[in-house]
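User: I would like to learn how to read a model of this kind feature by feature, with the general idea stated before each case. Could we work through it together?

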Amino acid sequence: MLAIGMKEVVITPPLGVNIPGQFKSRISTGIRDELYAKAMVVDDGQKMLAFIVLDVLDLLRPAVVQIRERVTAHTGIAEDCVMISATHTHQGAPVRAGFSLTVDEDYTPYMVKKAADAAIMAFHDRREAVLGHGRGAEGDIAFNRRFRMKDGTIRTNPGIGNPEIDRSVGPIDPEVIVLRIDDLEGNPIGVVSNYACHTDTIGGTEYSADFPGEISRTIKKNLGEHVVSLFLQGACGDINHVDVNGTSATKPPDHYVKMGRILAWEILRAREKAIPAQDHHADIRIAHVTANYRILTEEHINRLQELMSSGNEVEQMIARQDITLLDQQERTTELEIQVARLGELVIVGLPAENFVAFGLEIKQRSPYSYTMINELCNGSGSGYICTREAYRQGGYEPTIRPWSRLDEDTGELLVEESLRLLEQINHEHPGR
């Protein structure tokens, strides 16, 4: 029998600091809804795992290391058994340098301690629990954001109602996977859910957890205020909420509420239909792979120099940032992959923002029928991981940036290493 504890703590920063995630600086002026660090600790009697999810855009590696060290010091859970991920809300705290190249050095230590504290409290709140695995589907609120235009070029987010759009060039992943966690009397402890769509539906200068926050509020209203909702972001590097065939050029400011409620009801439906786990073992595997960085070509350098002198304000800012790549000596980086097993369900923790095709491939080839993709894990890689085809096509995501410059073969590397770890676990605990 598993023992599981789940806790959540508020990590909303003070006002007056920058909100990362857009092309311009945004100084926070209010709180639309609180940001959280949420944690689940799983103990099967032989091994303990911890999962921490934060309402932030992304995490830097040093923060991940510090969170793990604090969790280990207070619980004894091995650092390699702690999976830490971001929901990728674009209305969160400045804990990763983005377009504004701003990190709040005063806030980060606070966030590190609170994130670890959520896991420490979950550790102390462990109780016998039963799992259930469920799935649903939602194909009407997420859209591939890359399009072939009538002139043959590829554009990202070409705009609602743009008459020059020909067709979308990529799929979505409509699957909603749910892990139900109840105590021995059938009372809900928490719900883990997984779906692929950018959490960038709001804008403005107020903090918000975006639609994962509304998922949590809806689940609490139906199952109880004590129930913890962990949302794991799927492979959504090229997926967002914008329907280019829509009739309005802008989404209403509460669109995140609609999305969150739609997903929450699908999660609750899948939870009610969840199949009880027949196996209550927990396990985890971790691997580190070396990935190459891309470097600026002469053509790219010439284009940046042109933009610095003749581009608009945003183009000049981005060009000045991008040209700094010439001074960066690193040619490789180390990426971390984790694969965790909970009963007949597995969670694949990937770095960075992965194109949906990679998540779909891992799911299709996984030996486990319930396979969650949890991207933006463990702060070991930032930016986009695109398909080889996308690098040839161009568009926003493949553009080389100081924080997004992984090589073209990185996606295939992560897929194969993830599958190797899945087979390792499956060899000891068959999934299907």
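User: Which residue in S3 does Lys7 stand opposite?

Analyst: Strands here are DSSP runs of E with at least two residues, helices are DSSP runs of H or I with at least four, and both are numbered from the N terminus; two strands count as paired if DSSP finds at least two bridges between them. In this case Lys7 stands opposite Ala39 in S3, and at another position Ala3 stands opposite Asp43 in that strand. Strand S1, residues 2-10, pairs with S3 in the antiparallel sense over eight bridges.

User: Before we go on, what should I keep in mind about the origin of the coordinates and the counting?

Analyst: This is a predicted model, in which local features need pLDDT of at least 70 and side-chain atom pairs count only at pLDDT 80 or more, while totals for chains, interfaces and linings use all residues. Residues are numbered from 1 along each chain as its sequence is written, and side-chain values use heavy atoms, with hydrogens and water left out.

User: How many residues of S3 are buried?

Analyst: Buried means under 20% relative accessible area, exposed means over 50%, and partly exposed lies in between, with a 1.4 Å probe and protein chains only. By that rule S3, which comprises residues 36-43, is mostly covered, since seven of its eight residues are buried.

User: What joins S1 to strand S6?

Analyst: Three bridges join S1 to strand S6, residues 127-137, and the two strands run antiparallel. Leu2 has Ala129 in S6 as its bridge partner.

User: Where is His280 placed, and what is it in contact with?

Analyst: His280 sits in the loop between strand S16 (275-276) and strand S17 (282-292). Once the neighbours within four places are left aside, the contacts of His280 are Met1, Leu2, Asp44, Ala129, Val130 and Leu131. The C-alpha atoms of His280 and Ala3 are separated by 9.6 Å, while the two residues are 277 apart along the chain.

User: Which value of phi does His88 take, and which does Ala352 take?

Analyst: Phi of His88 is near 75 degrees, a positive value in a residue other than glycine, and the residue lies in the loop between strand S5 (82-86) and helix H2 (107-124). Ala352, likewise a residue other than glycine with a positive phi, has a value near 65 degrees and lies in the loop between strand S19 (345-349) and strand S20 (353-354). His88 counts as buried because its relative accessibility is 2%, and Ala352 counts as buried because its relative accessibility is 0%.

User: Is Glu214 buried or exposed?

Analyst: Glu214, in helix H3 (residues 211-223), has 4% relative accessibility and therefore counts as buried. Its contacts beyond four places in sequence are Tyr256, Val257, Gly260 and Arg261.

User: Stepping back, how many helices and strands does the chain have, and what is its radius of gyration?

Analyst: The chain has nine helices and 22 strands. The radius of gyration is taken over C-alpha atoms, and the globule rule is 2.2 Å times the number of residues to the power 0.38; with 432 residues a compact globule would have a value near 22 Å, so the 21 Å of the chain agrees. Along its principal axes the C-alpha trace spans about 65 × 45 × 45 Å, and 60% of the 432 residues count as buried. Among contacts between residues at least 6 apart in sequence, 80% join residues at least 24 apart.

Notes
Contact = heavy atoms within 4.5 Å.
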